[in-house]
Amino acid sequence: MRDYKRLLLSNKAWAEELKDENPKFFSRQAGGQSPAFLWIGCSDSRVSPEQMTMTQPGGMFIHRNIANLVYEDDLNLMSVLQYAVMALKVKHVIVCGHYGCGGIRAAMEGGVDGSVDRWLENARAVRHAHAEELLAVNEPDARLSRLVELNVRDQLVRLARTPTVQTAFHSGQPLHLHGWVYDIRDGHIKPLLDLDADSSIEDLGVPASVL
Ligand code: CO
């Protein structure tokens, strides 16, 4: 069977199963959404935010890009963030990277060109900003994993500095930011850091060159 036809058949089975379990499921969905979470993750096919957190449709607003990067001039992400925080009033924004990330590997080793190369600019900035720490890690895989973690932390701080998040923080809207790393080797998520309105971003030691 053609691969894409399998998707359509699977969809049919999924919709019927959900309806069997809960006849009101789809009529409730049509009534609107009020997710508690905004997920910002990597586009990698092995990292499925809803599946790995057992979240049903309606539970999570999602944005994904290569290497889960935050650019303040990314109209796509900034719109998603604005809508999720200001209109949907999500309580948590999660930036989730993953070990073995091809985007982060390319930021470390090169080997890409065109759009992908341009897109990874900020991941390279993270790498340059932490060059000393990374060089001290001898084992290449461990060094890559460390860059994945540093990238999540630095992107989370970049997120905290966006006008949307700053406005929410200053107005007292409940909003918490979380930096996580997903381990594709065992399926577990490792929490790295949390930020909220009371956090002192300056104390985290994120170099000015990546902000
Ligand atoms: Co990735």
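This report walks through the predicted model, from the overall fold to single residues.

## Basis

The model is predicted: local features need pLDDT of at least 70, side-chain atom pairs count only at pLDDT 80 or more, and totals for chains, interfaces and linings use all residues. Residues are numbered from 1 along each chain as its sequence is written, and side-chain values use heavy atoms, with hydrogens and water left out.

## Overall fold

The protein chain holds 10 helices and five strands. Helices (H or I, at least four residues) and strands (E, at least two) are DSSP runs, numbered from the N terminus. The radius of gyration of the protein chain is 19 Å, close to the 17 Å that the globule rule gives for 211 residues, so the chain is as compact as a globular protein of that length. That radius is taken over C-alpha atoms, and the globule rule is 2.2 Å times the number of residues to the power 0.38. The C-alpha trace spans about 55 × 50 × 30 Å along its principal axes.

Of the 211 residues, 41% are buried. Buried means under 20% relative accessible area, exposed over 50%, and partly exposed in between (1.4 Å probe, protein chains only). Contact means heavy atoms within 4.5 Å. Among contacts between residues at least 6 apart in sequence, 66% join residues at least 24 apart.

## Helix α4

Helix α4 covers residues 75-87. At 1.5 Å a residue, its 13 residues should span 18 Å, and its end C-alpha atoms are 17 Å apart, which agrees. The expected span is 1.5 Å times one less than the number of residues.

Which residues of α4 are buried? They are Leu77, Met78, Val80, Leu81, Ala84 and Val85. Seen down the axis of α4, the buried residues fall within an arc of 160°, so they line one face of the helix. The arc is that of the directions from the helix axis to the C-beta atoms. In an α-helix, residues three or four places apart point the same way, because there are 3.6 residues a turn.

Aspartate 74 caps the N-terminal end of α4. One of its side-chain oxygens lies 3.0 Å from the backbone nitrogen of asparagine 76. Just after α4, lysine 89 takes a positive phi of about 55°.

Threonine 167 lies in helix α10. This threonine is partly exposed, with a relative accessible area of 44%. The C-alpha atoms of threonine 167 and methionine 86 are separated by 9.2 Å, although the two are 81 residues apart along the chain.

## The cobalt site

What are the protein donors of the cobalt ion? They are Cys42 (SG), His98 (NE2) and Cys101 (SG), lying 2.1 to 2.3 Å from the ion. Donors are N, O and S atoms within 2.8 Å of the metal (3.2 Å for Na, K and Ca); water is not among the atoms, so sites may look incomplete. Along the chain the donors follow the spacing C-x55-H-x2-C. Both histidine 98 and cysteine 101 are buried.

| Residue | Relative accessibility | State |
|---|---|---|
| Aspartate 183 | 12% | buried |
| Aspartate 194 | 53% | exposed |
| Glutamate 149 | 12% | buried |

Aspartate 183 sits in the loop between β4 (176-182) and β5 (189-195). Leaving out residues up to four places away in sequence, aspartate 183 touches Tyr99 and His188. Glutamate 149 belongs to helix α9. With the same exclusion of residues up to four places away, glutamate 149 touches Tyr99, Val181, Lys190 and Leu192.

Aspartate 194 is in strand β5. Its side chain makes a polar contact of 2.7 Å with that of histidine 178. A polar contact is a pair of N or O atoms within 3.5 Å; within protein, one must be able to donate a hydrogen and the other to accept it, and residues adjacent in sequence count only if both atoms are side-chain atoms.

## Positive phi in two loops

Most residues other than glycine have a negative phi. Methionine 54 has a positive phi of about 50°. This methionine lies in the loop between α3 (49-52) and β2, and is exposed at 77% relative accessible area. Alanine 67 also has a positive phi, near 70°. Alanine 67 is in the loop between β2 and α4, and counts as buried at 0% relative accessibility.
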